[in-house]
Amino acid sequence: LERDVWKELDEPHLETLIIIAESNNKKEILSKVFYDNKQINSDFRYKIWTRINHLEKIHLIWVEREETEKIKEFHILDDLRKVLRLKYSHLFLT
């Protein structure tokens, strides 16, 4: 958070980060980022997961996983959530 890494994100990554920041749980996040569509093409799904993995790699989020790698929950620092909500309030739906 101190390095403001989030300021260097391109629009798709920032959009994904904001969706995670504004959502209450895994189900809501997956619904919003994948548009609640399980039939969506695999290229799109790959792009989304690439964004999520990048956000995790640069420590803006962390994805809690079970031993089988199944997603338990997505996490974001409360301070980052507050900063994003202030800076990009027009992008938040909630």
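Modeller: Helices here are DSSP runs of H or I with at least four residues, strands are runs of E with at least two, and both are numbered from the N terminus. This is a predicted model, in which local features need pLDDT of at least 70, side-chain atom pairs count only at pLDDT 80 or more, and totals for chains, interfaces and linings use all residues. Residues are numbered from 1 along each chain as its sequence is written, and side-chain values use heavy atoms, with hydrogens and water left out.

Biologist: In which helix does Thr16 lie?

Modeller: The chain has four helices and two strands, and along the sequence they follow the pattern α-α-α-β-β-α. The helix that holds Thr16 spans residues 11-22, and it is α1.

Biologist: Is Thr16 buried or exposed?

Modeller: Buried means under 20% relative accessible area, exposed over 50%, and partly exposed in between, with a 1.4 Å probe and protein chains only. Because its relative accessibility is 2%, Thr16 counts as buried.

Biologist: Leaving aside neighbours within four places in sequence, which residues is Thr16 in contact with?

Modeller: Contact means heavy atoms within 4.5 Å. With those neighbours left aside, the contacts of Thr16 are Val33, Arg51, Ile52 and Leu55.
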